[in-house]
Structures are given as structure tokens and as C-alpha cells.
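Dear colleague,

I am passing on the structure below, with notes on what turned up when I went through it. Please read them alongside the coordinates.

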Amino acid sequence: MTQASGAEQEHPAAELSDLQLRILDFERQWWRHAGAKEEAVRAEFGVSGARYYQLLNAVIDSPAAIVHDPMLVRRLQRVRDHSVAARSARRLPGSPRD
């Protein structure tokens, strides 16, 4: 078992890219932006809503993100898990997925 160096323990966010840090910051305060979230995402990051959520899901699965902001990341994980469960519950047994 290896231990992290002192620098890694002091600066866990150093493992996150600038984009990942911006995404976490955006999620912390996106509601302050005028208009719909997807519009704010396009204005802030220049990507579609679908691409943004792909990036966000990758970030919140990162151990470095949990160390950086555990409350935010766990809240985002709960929201995601609830959404996935709700979508699964809406599917009827035996119905085609296409």
C-alpha cells in the first residue's frame, strides 16, 4: 500500500483538470445564470447539453472530485442515481427499448 505524498494530500484538486474544476464550479452555482441550464452550458463551455452531462458524469465518478468537494459530488451522484432509477421504473417489462 502506497501513501500519497504531502503535496497530493494538500492539493487533491491538482489531479483535476481546469475543465473538471470549472464543471464542478458551474454545478455549484449554475442557477445564477440567466435562462435554461442548457443555454448556460453552451455559453460557458461551448458544448451541447448531452456532451456536458457526459463530462459531468465522468468528473463526479473521479475520486479526486470527491476529495475536492465531497458534499457537491455526492449530491450530484444522488441526483444522477435518482434520475437513472426513475427512468428504469418508467420502462414497462417486456417492452422494446427502441
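Once neighbours within four places in sequence are set aside, Ala-65 is in contact with Leu-16, Leu-24, Val-59, Pro-70 and Val-73. Please keep in mind that this is a predicted model.

Ala-65 also belongs to the largest nonpolar core, which has 17 residues, and it is listed there with Ile-23, Leu-24, Phe-26, Phe-45, Tyr-52, Leu-56 as touching the most other members. The elements that give two or more residues to this core are α2, α3, α4, α5 and α6, and the greatest contribution, five residues, comes from α4.

Helix α2 deserves a separate look. Its buried residues are Ile-23, Leu-24, Phe-26 and Glu-27, and because they cover an arc of only 160° around the axis, they lie on the same side of α2. The buried residues of this helix pack against α3 (37-45), α4 (49-60), α5 (63-68) and α6 (70-90). As for its length, α2 has 12 residues (18-29), which at 1.5 Å a residue should span 16 Å, and since its end C-alpha atoms are 17 Å apart, the model agrees with that expectation.

Taken as a whole, the chain has six helices and zero strands. Among contacts between residues at least 6 apart in sequence, 43% join residues at least 24 apart.

With best regards

Definitions and conventions
Residues are numbered from 1 along each chain as its sequence is written. This is a predicted model: local features need pLDDT of at least 70, side-chain atom pairs count only at pLDDT 80 or more; totals for chains, interfaces and linings use all residues. Side-chain values use heavy atoms; hydrogens and water are left out. Helices (H or I, at least four residues) and strands (E, at least two) are DSSP runs, numbered from the N terminus. The expected span of a helix is 1.5 Å times one less than its number of residues. Buried means under 20% relative accessible area, exposed over 50%, partly exposed in between (1.4 Å probe, protein chains only). The arc is that of the directions from the helix axis to the C-beta atoms. Contact means heavy atoms within 4.5 Å. A nonpolar core is a set of buried Ala, Val, Leu, Ile, Met, Phe, Trp, Tyr and Cys residues joined through side-chain atoms within 4.5 Å.
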